[in-house]
Amino acid sequence: MADSAPAPTSAARARTRQAIVDAAVRALAEDPAAALSRVADLADVGRTTLHRYFPDREGLLDAVGAHAVRSISAAHARARLEDGTAREALLRVAQEYLELGDLLTVLFTGSVPEERWSGDEANQTALVALYTRGTQDGSLDSRMDAGWMLGVVWSVLYLAWSTLSTGTEDRHTVVTRLLLTLDKAVAAPTVA
C-alpha cells in the first residue's frame, strides 16, 4: 500500500521558502533595491538555494505580493470584520494593517508593484462589503463611496506608518491618532 503522506522534505521546503519570503520583506523594507544576496543572507541560505526557490527577482517579488495578500486577509480575520458596527470593524482593521510592520513598508514604498497585491478580489470584496454594511447600519458616512473611504483609510494609515518610521512618536500615540482621525473621517454624521 502506497503512503500518501507528503514527503518530510515538503514541510522543510515550505519553511525554507517562507524564510526566504520573510527575509525578502525585511531586505526590501531596509532597501527597495536590495540585492538577492542580501535576501539570501537574511534567510540564512546560500544564493544557490535562493535561486532554486526563486530563479529571478520577479518570482520573488510575486511571492512577496502573494504573502501580502495572505497577510492582509489574516489582518481581516484578526479584525473580526463581521463583529460590531462596520465603523468599529474598520477601526480594528486599520490597526491590524499597521501591525503588518515591514510588509507595510514594502507596500508603501512600492518595492513590490501594487498590481501584485492590491487587486485581490477576496480582500477587496471584504472591504467593500464592510463599507456597504456601514452605510446600512448607519455607522459609516454614506456621502462617500467605498473607493473614497478605502482611500482615506490607506492615506491615514500611510501617515501613521511614516510617523512610526521616523521614530519621533511612540506607537501608542500614533495608534491613538490613527484611530481618532479615521473615526472622525468615516463616521456617519450625527443628527442634532
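Predicted model: local features only at pLDDT ≥ 70, side-chain atom pairs only at ≥ 80, totals over all residues.
**Confidence.** Mean pLDDT for the protein comes out at 90, with 95% of the residues at 70 or more. Going element by element, I found the highest mean in helix α2, residues 36-43, at 96. The lowest belongs to helix α6, residues 102-108, at 90.

**Cavity.** I got one cavity of 30 Å³ or more, and the space in the largest cavity is about 40 Å³. Its lining reads Ala24, Leu28, Ala34, Leu36, Val39, Arg57, Leu60 and Leu61. Helices α1 (8-30), α2 and α4 (57-79) are the elements that each put in two or more of these. I noted α4 as the largest contributor, with three residues. By class, I have seven nonpolar residues, no polar ones and one charged.

Then I turned to open space. The largest pocket holds about 310 Å³. I count 16 lining residues, and the closest to the pocket centre are Glu114, Trp117, Ser118, Gln124 and Trp154. Both α7 (121-137) and α8 (146-166) supply at least two lining residues, and α8 gives the most, with four.

Methods. Residues numbered from 1 in each chain as written. Heavy atoms only, no water. pLDDT = per-residue confidence, 0-100. 1 Å grid on protein atoms, 1.4 Å probe; cavity = no way out; pocket = protein on both sides within 12 Å on 5 of 7 lines; lining within 4 Å. Points joined across faces, edges and corners; volume = space filled by probe spheres on them. Nonpolar A, V, L, I, M, F, W, Y, C, P; charged D, E, K, R; others polar.
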